[in-house]
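Reader: Could you walk me through how the parts of this protein pack together?
Author: Gladly; let's have a look at it first.

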Amino acid sequence: MAGALQWPLRQRPGRRISTALLLRPKLLLALLILPPLLWLGVVYLGAMLALLIQSFFSIDAFTGMIQRTFTLSTYAELLRPAHLDIILRTAAMAAAVTLASAVIAFPIAYYMARYATGRTKTIFYLAVMLPLWSSYLVRVYAWKLILAKEGIVTWLAGALGVGSWLDALLSVPVIGGAALSVSYVGTFTVFVYIWLPFMILPIQAALERIPQSLIEASADLGAPPHRTFRNVILPLAFPGVVAGSIFTFSLTLGDYIIPQIVGSSRLFLGQVVYLQQGTAGNIPLAAAFCVVPIVVMSIYLSIAKRFGAFDAL
């Protein structure tokens, strides 16, 4: 009878494996993270390495064939005025979008963290996250209609009597255009709208971590509210701002869909990569352009790490 009871226990390898894993937590952790690490190493890092290797090749101007010999001539092409203009234009747009997103997101995140409670906080979370539940392309095309010359923005500006102000904005060189939907102003507006949730949430998380006792201690020491905000709240929330800027800056730097749908004919980095590897078939130059945002973001991330941005992610 005892042998009959013990027999099922001896035939359960799953139980023996689970017991062994529970007794060896480091082994269990290694087995859990091994598949994603292999995926990251093979697919992502492998693709990055292949991209880097391709950037050191060149293309024959006569035959259009890729010459697989080591050269820096492809990187030298990035220094051409037309290509430098694209790089600087994209970096400037990414910086402007990041700054505007931080200015808009901070008051929203501050109210969510310090004042909103219960149902109000839930409504705010839904309002921030709801746009992310819809299709990216649908939102961009919707904004193209909103910003069109016959769109609601132009109609609303005329109804409020500020149509002349809108016309003056569109007449500004470089950033203006025939309509908002074909101007840098329109591209900037859509970028800010699309990436704003990625700025709000890290700032809100950073503000949630600030102990209420610090704010009360500042008030007890006689500091007015604006000084408490400047010397206590803002420095402690700044890592959240930097964390949000990582998302907004990097996503703007590599996006090619928004400038393709909303904006002028001037190209951004993502569009150049798409055109070079697709229409032109110049994969080495496309790879070299891809290395630019990687280098920019590597520098940016090293600076962000010094501000403790990763603690707010």
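**Helix packing, question by question**

Author: Helix 3 (residues 25-55) and helix 15 have axes that come within 7 Å and cross at roughly 120°. Please keep in mind that this is a predicted model.

Reader: Thanks! How does helix 3 lie relative to helix 15: parallel, antiparallel, perpendicular or oblique?
Author: The two axes cross at roughly 120°. Roughly perpendicular ends at 115 and roughly antiparallel needs over 145. The angle falls between those limits, so helix 3 is, relative to helix 15, oblique.

Reader: Is the crossing of helix 3 and helix 15 left-handed or right-handed?
Author: These are the helices whose axes come within 7 Å. The hand of their crossing is left-handed.

Reader: Helix 14 also meets helix 15. How are helix 14 and helix 15 oriented to each other?
Author: Their axes come within 8 Å, with a crossing angle of roughly 160°. An angle over 145 counts as roughly antiparallel. Helix 14 and helix 15 are therefore roughly antiparallel.

Reader: Which residues of helix 15 does helix 14 meet?
Author: Helix 14 takes part through Leu 269, Val 272, Val 273, Gln 276 and Gln 277. The residues of this contact divide into 10 nonpolar, two polar and no charged. In helix 15 the partners are Ile 283, Leu 285, Ala 286, Phe 289, Cys 290, Val 292 and Pro 293.

Reader: Let me zoom in on Gln 276. Is Gln 276 buried or exposed?
Author: Gln 276 lies in helix 14 (residues 269-277). Leaving aside residues up to four places away in sequence, Gln 276 touches Gly 281, Asn 282, Ile 283, Leu 285 and Ala 286. Its relative accessibility is 17%, and buried means under 20%, so Gln 276 counts as buried.

Reader: And Ala 304: what is the relative accessible area of Ala 304?
Author: Ala 304 belongs to helix 15 (residues 283-306). Ala 304 and Val 242 are 62 residues apart in sequence, yet 6.1 Å apart in space, C-alpha to C-alpha. Ala 304 is buried, and its relative accessible area is 2%.

Reader: Next, helix 10 and helix 12. How are helix 10 and helix 12 oriented to each other?
Author: The axes of helix 10 (residues 184-208) and helix 12 (residues 225-254) come within 8 Å. They cross at roughly 150°, and helix 10 passes helix 12 in a right-handed crossing. The cut-off is over 145, so the two helices are roughly antiparallel.

Reader: How many residues in the contact of helix 10 with helix 12 are nonpolar?
Author: Helix 10 makes the contact with residues including Phe 191, Trp 195, Phe 198 and Met 199. Among those of helix 12 are Ile 233, Ala 237, Gly 240 and Thr 248. The contact has five polar and no charged residues, and the nonpolar ones number 14.

Reader: Last one: how many Å apart are the C-alpha centres of domain 1 and domain 2?
Author: The protein is divided into domain 1 (9-41) and domain 2 (85-312). Between their C-alpha centres the distance is 42 Å.

Conventions:
Residues numbered from 1 in each chain as written. Predicted model: local features only at pLDDT ≥ 70, side-chain atom pairs only at ≥ 80, totals over all residues. Heavy atoms only, no water. Axes fitted to C-alpha atoms, helices over the stretch in contact; angles between N-to-C directions. Helix = DSSP H or I, 4+ residues; strand = E, 2+ residues; numbered from the N terminus. Parallel < 35°, antiparallel > 145°, perpendicular 65-115°, else oblique. Left-handed = near helix turned anticlockwise from the far one by under 90°. Contact = heavy atoms within 4.5 Å. Nonpolar A, V, L, I, M, F, W, Y, C, P; charged D, E, K, R; others polar. Domains from an automatic or database assignment. Buried < 20%, exposed > 50% of the residue type's maximum accessible area, 1.4 Å probe, protein only.
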